[in-house]
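Notebook open, model loaded. I wanted to look through the surface of this one and jot down what turned up.

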Amino acid sequence: KVVDPAQLAVYLLAFISLLAFVGWSVTDPRSILTLDYSPDFIATLAMYSIFAFTIFTAVSFFAQPYASAQNVAVIYSLLVVFSVLLGATLPSLLVQRIVVTPGILAGCVLVCLGTIVSEVDLRALWHRRAARTAVVRR
(Lines give C-alpha, C1' and ligand atoms only; values in the text may rest on other atoms or scores of the structure.)
Protein backbone atom coordinates (compact mmCIF):
# COMPACT_ATOMS: atom_id res chain seq x y z
CA LYS A 1 0.00 0.00 0.00
CA VAL A 2 1.30 3.45 -0.89
CA VAL A 3 1.26 5.91 1.99
CA ASP A 4 0.69 9.62 1.47
CA PRO A 5 4.03 11.37 2.21
CA ALA A 6 2.34 14.23 4.10
CA GLN A 7 0.44 11.78 6.29
CA LEU A 8 3.62 9.79 6.90
CA ALA A 9 5.46 12.99 7.88
CA VAL A 10 2.72 13.89 10.39
CA TYR A 11 2.84 10.41 11.93
CA LEU A 12 6.63 10.51 12.09
CA LEU A 13 6.67 13.93 13.76
CA ALA A 14 3.99 12.89 16.27
CA PHE A 15 5.86 9.71 17.17
CA ILE A 16 9.19 11.51 17.54
CA SER A 17 7.59 14.23 19.68
CA LEU A 18 5.95 11.66 21.94
CA LEU A 19 9.17 9.67 22.22
CA ALA A 20 11.16 12.81 23.07
CA PHE A 21 8.61 13.87 25.71
CA VAL A 22 8.67 10.43 27.34
CA GLY A 23 12.47 10.47 27.37
CA TRP A 24 12.51 13.95 28.86
CA SER A 25 9.95 13.08 31.54
CA VAL A 26 11.88 9.94 32.50
CA THR A 27 15.31 11.55 32.66
CA ASP A 28 14.32 14.85 34.29
CA PRO A 29 10.68 14.81 35.48
CA ARG A 30 10.96 17.87 37.73
CA SER A 31 12.08 20.20 34.95
CA ILE A 32 8.70 19.95 33.17
CA LEU A 33 6.98 21.55 36.15
CA THR A 34 9.68 24.12 36.85
CA LEU A 35 9.78 25.68 33.37
CA ASP A 36 8.76 29.31 33.10
CA TYR A 37 5.53 29.05 31.10
CA SER A 38 5.35 32.78 30.44
CA PRO A 39 3.90 34.22 27.24
CA ASP A 40 7.46 34.96 26.05
CA PHE A 41 8.47 31.33 26.54
CA ILE A 42 5.39 30.02 24.69
CA ALA A 43 5.95 32.53 21.86
CA THR A 44 9.59 31.48 21.62
CA LEU A 45 8.62 27.81 21.38
CA ALA A 46 6.01 28.59 18.74
CA MET A 47 8.39 30.66 16.63
CA TYR A 48 11.11 28.05 16.97
CA SER A 49 8.65 25.41 15.82
CA ILE A 50 7.61 27.48 12.84
CA PHE A 51 11.04 28.60 11.71
CA ALA A 52 13.33 25.75 12.62
CA PHE A 53 11.28 22.61 12.40
CA THR A 54 8.35 23.35 10.10
CA ILE A 55 10.41 25.01 7.40
CA PHE A 56 13.01 22.27 7.65
CA THR A 57 10.36 19.55 7.41
CA ALA A 58 8.60 21.27 4.50
CA VAL A 59 11.84 21.61 2.55
CA SER A 60 12.79 18.00 3.21
CA PHE A 61 9.26 16.89 2.24
CA PHE A 62 9.47 18.58 -1.15
CA ALA A 63 13.09 17.53 -1.72
CA GLN A 64 12.51 13.91 -0.70
CA PRO A 65 11.75 12.59 -4.22
CA TYR A 66 15.07 13.97 -5.44
CA ALA A 67 17.30 12.88 -2.54
CA SER A 68 18.77 9.52 -1.67
CA ALA A 69 18.29 7.90 1.73
CA GLN A 70 21.88 8.82 2.65
CA ASN A 71 21.32 12.48 1.82
CA VAL A 72 18.13 12.57 3.90
CA ALA A 73 19.96 10.95 6.85
CA VAL A 74 22.69 13.59 6.64
CA ILE A 75 20.16 16.41 6.54
CA TYR A 76 18.18 15.07 9.51
CA SER A 77 21.31 14.53 11.57
CA LEU A 78 22.29 18.15 10.95
CA LEU A 79 18.93 19.46 12.24
CA VAL A 80 20.45 20.41 15.59
CA VAL A 81 23.15 22.44 13.84
CA PHE A 82 20.50 24.29 11.81
CA SER A 83 18.55 24.94 15.01
CA VAL A 84 21.59 26.43 16.73
CA LEU A 85 22.31 28.63 13.71
CA LEU A 86 18.72 29.88 13.63
CA GLY A 87 18.71 30.45 17.39
CA ALA A 88 21.89 32.50 17.09
CA THR A 89 20.93 34.52 14.02
CA LEU A 90 17.17 35.15 14.08
CA PRO A 91 16.09 38.38 15.76
CA SER A 92 15.19 38.23 19.44
CA LEU A 93 11.65 39.26 18.53
CA LEU A 94 11.16 35.84 16.92
CA VAL A 95 13.24 33.51 19.10
CA GLN A 96 15.02 33.54 22.40
CA ARG A 97 18.53 34.24 21.20
CA ILE A 98 21.26 31.87 22.24
CA VAL A 99 24.85 32.74 22.85
CA VAL A 100 27.12 30.37 20.98
CA THR A 101 29.59 29.16 23.58
CA PRO A 102 32.70 27.09 22.83
CA GLY A 103 30.83 24.00 24.05
CA ILE A 104 27.90 24.59 21.69
CA LEU A 105 30.29 25.30 18.83
CA ALA A 106 32.29 22.14 19.59
CA GLY A 107 29.06 20.12 19.68
CA CYS A 108 28.00 21.45 16.28
CA VAL A 109 31.43 20.72 14.82
CA LEU A 110 31.36 17.18 16.26
CA VAL A 111 27.89 16.57 14.80
CA CYS A 112 29.11 17.75 11.38
CA LEU A 113 32.28 15.65 11.59
CA GLY A 114 30.32 12.60 12.76
CA THR A 115 27.94 12.98 9.86
CA ILE A 116 30.79 13.24 7.38
CA VAL A 117 32.63 10.26 8.87
CA SER A 118 29.49 8.12 8.86
CA GLU A 119 28.64 8.89 5.23
CA VAL A 120 32.06 9.02 3.56
CA ASP A 121 33.92 5.81 2.78
CA LEU A 122 37.24 6.83 4.32
CA ARG A 123 38.88 3.49 3.56
CA ALA A 124 38.24 3.88 -0.18
CA LEU A 125 39.54 7.45 -0.09
CA TRP A 126 42.68 6.29 1.70
CA HIS A 127 43.29 3.49 -0.82
CA ARG A 128 42.78 5.88 -3.76
CA ARG A 129 45.23 8.33 -2.25
CA ALA A 130 47.76 5.57 -1.59
CA ALA A 131 47.39 4.32 -5.17
CA ARG A 132 47.93 7.84 -6.56
CA THR A 133 50.99 8.31 -4.35
CA ALA A 134 52.43 4.98 -5.52
CA VAL A 135 51.93 5.95 -9.18
CA VAL A 136 53.60 9.35 -8.65
CA ARG A 137 56.65 7.72 -6.95
CA ARG A 138 57.29 5.37 -9.89
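I started with α6, which gives the nonpolar patch its largest share, 6 residues. Helices here are DSSP runs of H or I with at least four residues, strands are runs of E with at least two, and numbering goes from the N terminus.

A note on the source: this is a predicted model, where local features need pLDDT of at least 70, side-chain atom pairs count only at pLDDT 80 or more, and totals for chains, interfaces and linings use all residues. Residues are numbered from 1 along each chain as its sequence is written, and side-chain values use heavy atoms, with hydrogens and water left out.

Next I looked up the patch itself. It covers about 930 Å² and includes Ile98, Val100, Leu105 and Leu125. Both α6 (102-119) and α7 (122-137) supply at least two residues each. Areas are Shrake-Rupley with a 1.4 Å probe, and for residues only the protein chains shown count as cover.

Then Val120: buried or exposed, or in between? I found Val120 in the loop between α6 and α7. Val120 has 34% relative accessibility, so it counts as partly exposed (buried is under 20%, exposed over 50%, partly exposed in between; 1.4 Å probe, protein chains only).

Last, the whole chain. I noted 7 helices and 0 strands, and 14% of the 138 residues are buried. The accessible surface is about 10,900 Å², with 72% belonging to carbon and sulfur atoms.

Note on methods
Patch = residues over 30% accessible without salt bridge, like charges linked within 9 Å, V, L, I, M, F, W, Y side chains within 5 Å. Salt bridge = Lys/Arg side-chain N within 4 Å of Asp/Glu carboxyl O.
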